[in-house]
Every structure is written in structure tokens, then in C-alpha cells.
Amino acid sequence: MSQITPMMRQYLEIKADYPDAVLFFRLGDFYEMFLDDAVKASRILDITLTSRNKNSDGADVPLCGIPYHSAGPYITKLIEAGEKVAICEQVEDPKSAKGIVRREVVKVITPGLVVDGSSLSPKDNNYLLSIHNDDGNRWGLSYLDLSTGEFRLTELDSLDAVVAEIACVGPREILLPSFFRDNGKMKELARATAGLVVTHVEDWVYDHEYCRRLLAGHFAGASPSSLGCDGLVSGLYAVGAVLHYLQETQKGKAAHVTSIKAYTNAEHLLLDEATRRNLELTATLAEGKRKGSLLGLMDRTTTAMGGRKIKQWINYPLVTNRGITDRQDAVEALLQDAGSRAEIAALLNGVYDLERLNGRISLASAGAKDLVAMKDSLARIPAIKEVLVAFSSNLLAGLNEGLNPLPELIELIERGIVENPPFVLREGGIIADGYNAELDELRAISREGKGFIARLEAQEKKRTGISSLKIRYNKVFGYYIEVTRTNLDSIPADYIRKQTLANAERYITPELKEYEDKVLGAEDRIRDLEFSLFQEIREAAAGHGNLIARTADCLATVDVLVSLAELAHENNYCRPKVDDGTNLAIVDGRHPVIEALNQGERFVPNDTLLDNDENQIIVITGPNMAGKSTFMRQVALIVLMAHMGSFVPATEARIGMVDRIFTRVGASDNLARGQSTFMVEMMEAANILRNATPKSLVILDEIGRGTSTFDGVSIAWAVAEYLHDNGEHAAKTLFATHYHELTELSVTRRRIKNFNIAVKEWNEQIIFLRKIVPGGASHSYGIQVARLAGLPLEVIERAKEILVNLEKGEYAEEGIPRIAREKKATVPTSQLSLFQNTEDLLRKRLLSIDVATLTPLEALNLLDELKRMA
Ligand SMILES: Nc1ncnc2c1ncn2[C@@H]1O[C@H](COP(=O)(O)OP(=O)(O)OP(=O)(O)O)[C@@H](O)[C@H]1O
């Protein structure tokens with residue numbers, strides 16, 4: 001049996017409670033990691049792995065460590081690698097400890113509960129999300145951004161909705177009940193949780209009474225009904241798990257999490273995961289970047305809070321006329337007043353991230369610089385209010401009311417903290433002179449003591465006649481007098497020798513030590529006093545947490561509204577008329593992102609009319625590259641922007657409220673998730689047919705393309721019919737296709753109309769006109785587009801040949817499939833043989849015809865074919 005040291009025993013005991021976190025074990029000035037933690041951390045942090053305490057059985061204890069005062073960047077690195085870090089401190093003074101110093105984990109930092117600015121992206125929230133489900137259809141879902149205090153909760157009625165909501169929230173870490181591992185739910189959620197840090201919560205936590213108690217405990221006695229969570233079961237469990245996890249990791253109260261907002265799906269325009277991705281709302285499809293997405297275009301906000309808020313507006317568009325109109329009124333007012341817009345933006349430029357400052361203050365992790373940043377930000381508010389007061393818009397007036405400059409807090413910080421405090425909190429230099437009488441006195445003693453030492457040095461030089469005599473200070477001896485060896489003869493008798501160096505001797509005197517005690521004692525006391533005064537000020541600031549949160553939220557909203565006005569101004573957008581009707585009518589609509597990219601081609605605007613009557617389904621045909629996808633996406637984006645309260649890229653728009661936007665666009669390869677392109681396409685289509693309503697907008701781009709032509713046409717046809725015929729699912733639909741057969745749908749289905757995107761043919765080339773016009777397209781021009789793309793000319797020529805063959809009908813002849821027939825093979829060796837051959841072929845072809853079944857159109861085509869053969 002190996003000998004375990006008492007320290008190692010303590011380590012192992014603590015570690016047992018935090019099996020899934022890297023334990024930072026405080027030893028003096030270091031955090032040490034041992035065993036598996038050390039192996040893992042040394043790899044991630046790129047620090048040296050050593051070993052110690054070779055046990056009696058010879059086993060190594062792997063070990064690595066980092067200095068405690070520079071732990072921040074190391075923690076960030078571990079969190080970014082998806083690890084959790086448990087910080088274990090010495091919780092008693094080593095000097096007074098009997099035996100081994102007591103140690104405790106004081107906090108666990110997890111990817112979903114980060115509050116430190118350096119590991120957070122300013123314009124993105126950092127969410128921890130929690131899900132609960134009993135075997136029924138109710139799913140509880142709750143999420144928290146600990147850094148800002150935002151806490152939300154909903155209940156959903158299907159797995160589809162849960163997956164969509166996870167995609168919308170985009171959490172960093174997800175809490176799931178342990179029993180999900182056994183009941184198959186883990187598997188069902190695998191797609192939605194891929195890439196997230198998954199933390200399993202013990203099953204006993206999901207107990208009604210326990211969760212109610214947690215809720216009441218956190219929100220000071222509040223009941224579920226006073227928090228708007230009445231009647232929720234799974235929802236309450238989801239919230240309970242978050243609060244439980246918060247308690248386990250933070251070890252204290254997160255007082256800035258002052259409320260929880262319950263919401264339902266009916267409050268927002270819904271976008272499923274595929275739609276969100278396909279429409280490139282917050283990230284581009286190809287690279288997942290913000291730049292190039294709708295968010296990248298729309299975000300002109302100045303503050304990080306505004307940046308996060310506009311992302312939320314895109315993710316949760318409104319569906320109430322009132323809410324949308326209020327935002328529009330505010331944007332319009334700001335649009336008309338460029339001066340105020342510029343003034344607000346300039347003022348916001350000096351506002352720091354109040355939400356996150358507030359979070360750090362409440363969690364007692366804010367430094368003195370954070371408090372100064374808070375004060376400087378609040379100091380901007382009176383001027384912002386002065387600009388806002390001139391506006392009569394409801395929303396702006398309400399926001400103005402919500403902005404509180406908190407003068408007493410500004411005054412406290414200004415009086416208490418120096419203008420440019422240091423980062424470190426325990427070395428003094430934080431509290432301003434005049435704030436605290438005791439501190440001022442100690443500082444005077446310290447200053448005086450230092451002055452005394454300077455005077456003493458001069459006096460001793462004079463007394464001994466040693467001009468090189470110096471009074472110095474180090475941590476081991478405190479103050480001492482240093483005399484070089486050449487002057488040893490002049491040392492007075494009262495000097496007490498302390499240390500001998502190669503060239504000098506060091507002495508102390510009783511007088512020197514007396515003053516040293518006074519100075520150093522004062523400095524120690526100053527450090528302690530400053531820290532406790534700072535804590536008092538920080539606590540006072542935390543006491544304003546509610547008002548700061550409200551003010552921050554209002555500032556963020558002002559920032560977003562100014563940003564929307566700026567966007568509308570720069571791009572010449574119009575204010576859409578949003579109503580409870582069912583029509584979508586857009587005049588001269590443009591694709592906001594492609595238009596702004598300005599790739600050399602002027603963007604050609606297009607009109608749109610969709611309703612639940614004559615124009616329910618628009619089948620759009622047209623050559624490749626004509627602009628079908630662009631057109632359909634632009635309609636979806638305009639509708640979404642209108643629901644956000646934004647102005648839209650059009651000269652006029654009337655938007656009847658939409659409940660959901662669905663898209664089935666392009667090939668989204670999910671091979672990594674084990675599904676074929678076609679399978680994904682059909683799953684997305686199935687989701688649309690299940691969930692679309694007459695108030696939905698559906699975008700179908702080349703549905704059925706992932707399989708054989710006949711299967712594809714058949715599926716596309718049946719989908720269109722279903723959306724047309726099924727009153728309950730009769731959504732307004734834009735349907736782009738290369739299958740020209742589908743244009744015939746309009747013959748039998750009244751609410752289906754054909755449109756195409758016009759092109760002009762010129763010298764075997766096509767010119768894209770980008771205009772959508774009524775009627776179906778006659779050609780695909782795929783080969784011309786392939787030629788534009790630079791396919792070798794011989795491939796182009798051969799493709800044309802095959803196309804001609806195909807257009808004549810696909811039947812085999814003399815053992816050669818018609819499609820593969822080559823001109824070369826049919827080149828005659830002589831006129832005669834050609835003649836005979838052609839006659840044979842003509843005869844054969846004629847004999848193969850069943851005249852009785854031919855339609856007039858087929859007869860005409862056949863005649864044309866026979867003529868060509870001849
Ligand atoms: N209205 C427009 N004005 C200017 N340029 C446009 C317009 N519409 C589309 N474009 C340009 O044409 C390119 C091709 O458009 P899009 O991808 O929409 O074509 P498509 O018809 O869907 O093609 P395919 O059938 O091959 O998928 C776009 O990337 C864009 O740059």
C-alpha cells in the first residue's frame with residue numbers, strides 16, 4: 001500500500017466532489033494540478049508536466065502548476081477547450097493553522113457560466129441552457145447568461161421545437177437530466193447538442209418541492225406564479241436545474257439575476273434551425289461568420305449590449321402589431337433626425353458593457369477599474385436623456401424613463417476610488433484621499449515615516465562621514481543601512497550588523513527599526529483597509545443592481561433603434577406597413593445583404609405579391625444563376641426585418657403578419673451527422689408539411705433535386721399540391737424549380753401561379769435581366785451557364801449534343817442508348833450508306849409509333865424529329 005501524504009489525502013477528498021472539473025489546488029503562491037488533471041491541463045495549457053512524491057510503490061504523481069496571480073489566462077484557455085475549472089483556496093491563515101491548512105472549493109467556472117470579460121465575446125451572449133422532459137410532450141427549456149443576468153424560460157410541445165430553440169439560443173453549455181442517458185432522449189438530442197459542453201444533472205434535483213424552494217430562495221420568497229411560471233412543470237424543473245447548478249458552482253448568490261422571463265412560442269415569429277441557417281441570419285452558411293450574415297449587415301450598434309440585443313431581435317422577431325409599430329415609430333423618428341442620431345451614437349461610444357459590469361459587481365469579481373468604468377458610463381446618461389427627451393415616440397419616451405443615471409452611485413465611486421486605479425486589489429492605491437479619515441491618517445504616517453527615513457539617511461551620512469551610506473529596504477530585513485567595506489572603520493558602535501556581503505555590510509539601528517514598524521505597520525493596515533473599503537463600495541454598487549440592469553437594457557435598446565435608423569438611412573429602406581391581414585406585397589424589393597455587397601452588378605429590384613387566394617403558391621422557373629434563390633431569400637428577409645420593427649429594402653411593402661418562416665434551400669450536407677443530403681432534404685420538407693399554417697411563409701428551393709428526375713418531379717409536384725389543397729397547411733409559398741413540368745400545376749390548381757426570372761439570349765450567350773416576370777421559363781440554359789463557368793469547350797459541345805438527343809426522347813436504338821449516341825459514330829462513310837441507314841431508321845421509328853396514344857403536341861414534336869432524321 002502506498003503512503004499518501006496528508007496534503008494528498010486532502011486533495012483526493014476534495015477532488016472526489018469535482019470529478020468533471022480540473023481542480024486548481026492552492027499551495028502558497030501557486031495553483032497546483034495533480035494526476036489526470038495535471039496530464040490534461042499541461043497538454044491544453046502547454047506547461048511542463050513534472051512529478052513528485054514518488055510513492056513507496058514507486059508510482060509517480062503527475063503534477064503541474066501556475067502562479068495564482070496570473071491564473072486568469074490559464075482559466076480562459078481551459079474554458080475555451082470546453083473544460084470546467086474548480087478553484088480550491090486555502091480558507092484559513094497558514095500561520096494559525098494546526099496541521100494541514102483547511103482548503104475549500106470557492107467557485108467552479110464552467111463554459112456556460114463565465115463572467116470574466118477576457119473569455120467572453122462582447123457582442124454575443126454566453127448561455128447555459130437547461131432542458132427537462134418527462135415522457136410526455138411537454139419540454140421545459142430555460143437559459144441563463146450569468147454574465148448579464150438574463151434568465152428566460154419556456155415550455156415547448158415537441159422535440160422539433162426544442163431543437164429549433166436550442167439553435168436559436170446558441171448556448172455554450174447544456175444541462176440535461178442524467179435519466180436522459182437511459183431513456184433514449186440523449187440520442188434524440190444528439191444533433192442539437194453536438195459541439196456543446198453537456199453536463200448531466202443528478203436525477204434527484206428534478207423534484208417539484210426542491211425546485212420550488214430553489215426558486216423561492218433565489219428570488220427572495222417569490223412563488224412560481226409571481227414569476228410568471230405558474231402551471232409549468234417541466235419548465236420549473238429546467239429552471240430548478242439551472243439554480244441548483246448555480247449554487248453548486250458559484251457558492252454564493254448571483255444577486256444580479258433578479259428576474260426570470262417566461263415566454264411562449266406564440267410571442268415570436270418562429271424560425272427552425274434549417275431556416276435560421278439557410279437564411280444566414282446570424283452567421284454565414286459557408287464559414288459560420290457574422291460578417292456576410294443579416295446580423296453582420298444590420299448591426300450598426302455602438303455598445304456590446306446593443307450588439308447582443310440586435311442579435312436577439314433577429315432571433316425573436318415580434319408578431320404583435322403594437323410591438324412592431326412602436327419600434328417602427330422610434331426608428332422613423334430617429335431616421336428623420338440625423339443630428340440626434342449622431343449625438344446618441346457619440347455618447348454611447350463612451351459607455352462600457354454595463355450588463356456585464358453589473359454581473360461582475362454582483363458576483364464580487366469586479367475590480368476597481370470596473371467600478372470606474374461603471375461610473376464613466378453612468379456619467380453619459382444625463383446627456384443621452386437630454387437628446388431623447390425631444391422625441392415623442394412611445395418607445396423612446398419609455399426608454400428615456402428607464403434610464404437612470406444613478407447620481408449617488410456616481411458620486412460614491414468618484415469620491416471613493418482614484419481616477420486610474422491599479423488592476424490588483426490588495427496592494428492599495430485604490431481608494432481616493434479624503435474618502436476615509438483612518439486611511440488618510442495611515443497614509444500620513446506612512447509618508448512621514450518615509451520622510452523620516454530619508455532624513456535619517458542624511459543624518460547618518462553626516463554623523464559617520466560616510467557619503468556612500470544608504471538606507472535600503474528588502475522583504476527579508478526590512479530597512480537597513482548599507483556601508484561599503486572601505487568605510488567599515490567609520491561604523492558607529494550603535495550599529496547592529498545583520499548581513500555581510502562581498503563588498504558591503506548591512507546594519508540596523510533601534511531607531512530605524514522603530515520607524516520601520518510604524519511605516520510597514522501602516523502600509524499593511526492601508527492595504528487591508530483599502531480592500532475592505534473597496535468591497536464596501538462594490539457592495540453598495542451591487543445594491544443598485546436592479547436599476548443598473550434596467551438602465552443597461554434601455555441603453556441597449558436605444559442603441560439598436562439608432563442602429564436600425566442608420567441602416568435605413570444608408571440603404572434607403574422604407575417603412576413597411578405591417579398588419580393582421582394575410583397579404584405580402586412588396587414593391588421593388590431587394591436582397592439586403594447582396595445589395596450591400598455591391599459586387600459590381602447593380603441590384604435589380606423585384607416586386608412580390610403573395611396572398612392566401614390567387615397567389616398562394618408562386619412557382620419560379622428560370623435558368624441557373626438567374627436569381628431565383630436570391631429573390632426568394634429576399635422575400636423571407638424582408639418579412640423577417642419587418643417583424644423586427646426594422647425598415648426594409650423596398651420602396652413600398654405591406655406585410656400581413658407571418659407566424660413562421662420555413663425554408664428548404666439547397667443541399668445542406670449533414671453527412672457528418674450520418675444523414676444523406678436527400679434524407680435531410682426530405683426531413684426538412686416533412687417538418688414544413690407538418691407545421692406550416694396559412695399564416696406561414698414557405699420557401700422551397702429546388703425540392704426533390706437530390707434524387708432521380710422522375711422521383712424528384714413527383715415529390716415536388718405532390719408537395720405543391722399538398723400545400724395548395726390542405727387548407728390547414730395552405731402557406732404562402734415560393735417554389736423555385738428546374739423542373740419545367742411543374743409549371744403545369746397552375747392549370748389545375750387555382751392558387752398556383754407561374755413566374756420566371758427573365759434572361760435574354762444573344763449569340764449563344766445569355767444575359768441575366770434579374771427581373772421576375774409572369775409565366776414559366778422555357779429553357780434551363782444550364783449549358784450556357786456551364787460555359788460561363790469555364791467548362792472546357794469540348795465538354796460544352798458534347799453536352800449540347802446529348803441535350804439534343806435527350807430532347808428527342810430517351811429510347812435505345814441498335815444497342816446504343818440514345819443519350820450516348822455520338823455524332824462521330826453516325827458520320828456516313830458514303831452518301832449511299834447514309835441514305836439507306838436513314839431510311840431504315842425512319843422506317844423503324846415510324847413503325848414504333850402508336851398513333852392512337854399520341855397527343856397533338858407529341859405528334860408535332862415527332863414530326864419535327866422525323867424531319868431532322870431525314
Ligand atoms: N436581382 C438581382 N440583381 C443583381 N444581381 C442578382 C440579382 N439576383 C441575383 N443576383 C446575382 O446572381 C447570382 C445568382 O443568383 P441565384 O443564386 O439566386 O441564382 P439561382 O437562379 O438560384 O441559381 P441556381 O438555379 O443555379 O441555384 C447571385 O449570387 C447574385 O450575385
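Q: Of the 14 residues around the ligand, which come nearest?
A: Keep in mind that this is a predicted model. The shell around the ligand has five nonpolar, six polar and three charged residues. Out of the 14 residues there, the ones that come nearest are Asn-624, Gly-627, Lys-628, Ser-629 and Thr-630.

Q: Which helix gives the most to the shell around the ligand?
A: Look for the helix that covers residues 628–644. With three residues in the shell, the top contributor is helix α23.

Q: How do α2 and α3 lie, roughly parallel or roughly perpendicular?
A: Helix α2 spans residues 35–45 and helix α3 spans residues 71–80. They pack with their axes 10 Å apart, at an angle of about 100°. Angles of 65 to 115 degrees count as roughly perpendicular, so α2 relative to α3 is roughly perpendicular.

Q: By class, which residues make the contact of α2 with α3?
A: On the α2 side you'll find Ala-41, Ile-44 and Leu-45, while α3 brings Tyr-74, Lys-77 and Leu-78. Lys counts as charged. Sorted by class, the contact has no polar residues, one charged and five nonpolar.

Q: What separates the centres of domain 2 and domain 5?
A: In the domain assignment, domain 2 runs over 117–267 and domain 5 over 577–787. Taken over C-alpha atoms, their centres are separated by 37 Å.

Q: How far apart do the end C-alpha atoms of residues 696–712 lie?
A: UniProt, in an unreviewed entry, lists this stretch for "domain: DNA mismatch repair proteins mutS family". The span is 24% helix and 29% strand. From end to end, the C-alpha distance is 24 Å.

Definitions and conventions
Residues numbered from 1 in each chain as written. Predicted model: local features only at pLDDT ≥ 70, side-chain atom pairs only at ≥ 80, totals over all residues. Near = placed C-beta within 6 Å. Helix = DSSP H or I, 4+ residues; strand = E, 2+ residues; numbered from the N terminus. Domains from an automatic or database assignment. Axes fitted to C-alpha atoms, helices over the stretch in contact; angles between N-to-C directions. Parallel < 35°, antiparallel > 145°, perpendicular 65-115°, else oblique. Contact = placed C-beta atoms within 7 Å. UniProt positions renumbered as here; feature names shortened; annotations may be inferred.
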